[in-house]
Amino acid sequence: MRTEEIVKVAVDQDLCVGSGQCALTADDVFDQSDEDGTVVLLNATPPADRKPDIQHAVALCPAAAITLEPNE
């Protein structure tokens with residue numbers, strides 16, 4: 001069975017304030033830089049079953065540094 005990709009995840013490291021909520025919510029999609037704590041995108045096209053956690057990470061981001069785009 002094939003797991004379809006549901007979205008494209010994008011991050012803006014310039015907006016990121018390093019709160020780490022994304023990495024706590026979806027640690028297979030987001031991490032934090034060892035240098036400054038800003039978001040590191042690990043998987044820009046996660047599988048469909050990760051959608052709820054990714055949406056939660058977007059909602060928790062205090063700087064609105066994470067966006068979701070429809071997957072073409």
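Strands are DSSP runs of E with at least two residues, numbered from the N terminus. The model is a predicted one.

Begin by selecting residues 30–32, which form strand 2. Within this strand lies Asp-31. Its relative accessibility is 38%, so Asp-31 counts as partly exposed, since that class runs between 20% and 50%.

Next, turn to the charge pairs. How many salt bridges does the structure hold? There are 2.

For one of them, select Asp-28 and Arg-50, whose side chains meet with an N to O distance of 2.8 Å. Asp-28 sits in the loop between helix 1 (21–25) and strand 2, and Arg-50 in the loop between strand 3 (39–41) and helix 2 (51–60); the pair therefore ties together parts that are 22 residues apart in sequence.

Through shared partners, the salt bridges join Asp-28, Arg-50 and Asp-53 into one network.

Finally, colour these three residues by accessibility. Is Arg-50 buried or exposed? Arg-50 has a relative accessible area of 15% and is therefore buried. Its two partners are classed otherwise: Asp-28 is partly exposed at 38% relative accessibility, and Asp-53 is partly exposed with a relative accessible area of 30%.

Definitions and conventions:
Residues are numbered from 1 along each chain as its sequence is written. This is a predicted model: local features need pLDDT of at least 70, side-chain atom pairs count only at pLDDT 80 or more; totals for chains, interfaces and linings use all residues. Side-chain values use heavy atoms; hydrogens and water are left out. Helices (H or I, at least four residues) and strands (E, at least two) are DSSP runs, numbered from the N terminus. Buried means under 20% relative accessible area, exposed over 50%, partly exposed in between (1.4 Å probe, protein chains only). A salt bridge is a side-chain nitrogen of Lys or Arg within 4 Å of a carboxyl oxygen of Asp or Glu.
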